Amino acid sequence: MKRDLDLQHCHATGRASAPTIGRQLLIAAVPALALALLGPALVEAQTPEPIAPIPFQLELDQRKVDLGESLFHDARLSKDNENACSSCHDLDNGGDDGLAKSKGLGGKAGKRNTPSIFNSTLNFRLMWDGRFASSEQQIEAAIHDPNVMGETWPAIIDKLAQDQALSQAFAALYPQGMQPQTITDALVVYERSLTTPNARFDKFLRGDTAALGPDEIEGYRLFKTYGCASCHQGVNVGGNMFQVFGVLGTPGDYFRSHGSPDNLDFGLYNTTKVEEDRFVFRVPSLRNVALTAPYFNDGSAATLTEAVDAMAKYQLGRQITAHDNALIVAFLRSLTGEYKGRPLDTRPSQ
């Protein structure tokens, strides 16, 4: 894994070695998978702005999407038959669980905030520390993680094979039938379908000037002027680079002042053991951010207002006024998109 991440660093920075990550903006290309899926649509979506709208349609096998959807909600993937992917990724509530830190098997508290599953396949890497290069890797790890699913593939297949309808669905789609690879493939195809296009801001980018109000437009201007768009840009408004938390101060100061100094999350360093990777995290997407509180990898910011203040201080080295903060938050609320043609903020549980 360290070798894989080192290569990613070199590709992102154009430098010869990984340790330069700690103080650099590590901009990476959109992942090959996203380009393969979205290439033509992304070309059409290009705008002079740092943010591009999410394309409306993806070319996916709907039968695999449907099969993956059933697996996403299937608790038989977990050892206790109680946890499903949807347990932490609630599609009616922004695609996360609304907790500061996730809960795993038996309600055991996790170490990090759950990222939203919506638009996750548009990110260049997955998880807060970016340790996974693909959804396939992430699913494999989650299945075996004793704090997440805690199960084995043979046990999962034994359980699922007893479901005749499910077995028939696999046989119809995959010549090899139900296997770890085909279960993973169906889940990945479903996750690719979880995009949320047509946010009001996307409509604005496509030329509908009435889609945003004056405060939201001004908030977007400030978002760019303050420098927020230097990290939060592209089709996913983030998710395409690493950055140190505390880039203009002492890395880790935010966490030292918002938690136990004896239990700090060192981010990417936990994987690479490269000293300058301490407190380096994948920049999160801001898509649907108004629905995914609390914020940051430790869930320590309860509101968007708190999160914007923290970003201004620790990432931009600036103190933002309450007035400007409110305008930027207004803009961020315009990033809430639609799922299956319905705005996420009017889902049934809202």
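**Close-up views of a predicted model**

**View 1. Pro294 and its cis peptide bond.** Pro294 is placed in the loop between E3 and H13; helices (H or I, at least four residues) and strands (E, at least two) are DSSP runs, numbered from the N terminus. The peptide bond from Ala293 to Pro294 is cis, with omega near -5°. The model is predicted: local features need pLDDT of at least 70, side-chain atom pairs count only at pLDDT 80 or more, and totals for chains, interfaces and linings use all residues. Residues are numbered from 1 along each chain as its sequence is written, and side-chain values use heavy atoms, with hydrogens and water left out.

**View 2. Packing of helix H6 on helix H8.** H6 covers residues 153–160 and H8 residues 180–192; they pack at an angle of about 75°, with their axes 10 Å apart. Axes are lines fitted to C-alpha atoms, for helices over the stretch in contact, and angles run from 0 to 180 degrees between N-to-C directions. The angle makes H6 roughly perpendicular to H8 (angles under 35 degrees count as roughly parallel, over 145 as roughly antiparallel, 65 to 115 as roughly perpendicular and the rest as oblique). Trp153, Ile156, Ile157 and Leu160 of H6 and Pro180, Ile183 and Thr184 of H8 make the contact, where contact means heavy atoms within 4.5 Å. Six of these residues are nonpolar, one is polar and none is charged. Ala, Val, Leu, Ile, Met, Phe, Trp, Tyr, Cys and Pro count as nonpolar, Asp, Glu, Lys and Arg as charged, and the others, Gly among them, as polar.

**View 3. Packing of helix H13 on helix H14.** H13 (residues 304–314) and H14 (residues 322–333) pack at an angle of about 115°, their axes 10 Å apart. The crossing of H13 and H14 is right-handed (a crossing is left-handed if the near helix is turned anticlockwise from the far one by less than a right angle, and right-handed if clockwise). On the H13 side, the contact is made by Leu304, Thr305, Val308 and Asp309; on the H14 side, by Asn325, Ile328, Val329 and Leu332. The residues of this contact between H13 and H14 comprise five nonpolar, two polar and one charged.

**View 4. Strand E2 and its partner E3.** From strand E2 (residues 241–244), Met241 and Gln243 point one way and Phe242 and Val244 the other way, and all are buried. Buried means under 20% relative accessible area, exposed over 50%, and partly exposed in between (1.4 Å probe, protein chains only). E2 and strand E3 (residues 280–282) run antiparallel and are joined by three bridges; two strands pair if DSSP finds at least two bridges between them. Val244 stands opposite Val280 in E3 and has a relative accessible area of 1%. Val244 and Val283 are 39 residues apart in sequence and 8.9 Å apart in space, C-alpha to C-alpha.

**View 5. Asn81 and Met127, with positive phi.** Asn81 is not a glycine, although its phi is positive, about 55°. Asn81 sits in the loop between helix H3 (62–72) and helix H4 (85–88) and is partly exposed, with a relative accessible area of 40%. Met127 has phi near 80° and lies in the loop between H4 and helix H5 (135–144). Met127 is partly exposed, with a relative accessible area of 25%.

**View 6. Ser135 in helix H5.** Ser135 counts as buried at 4% relative accessibility. Not counting residues up to four places away in sequence, Ser135 touches Thr121, Leu126, Val188 and Glu191.
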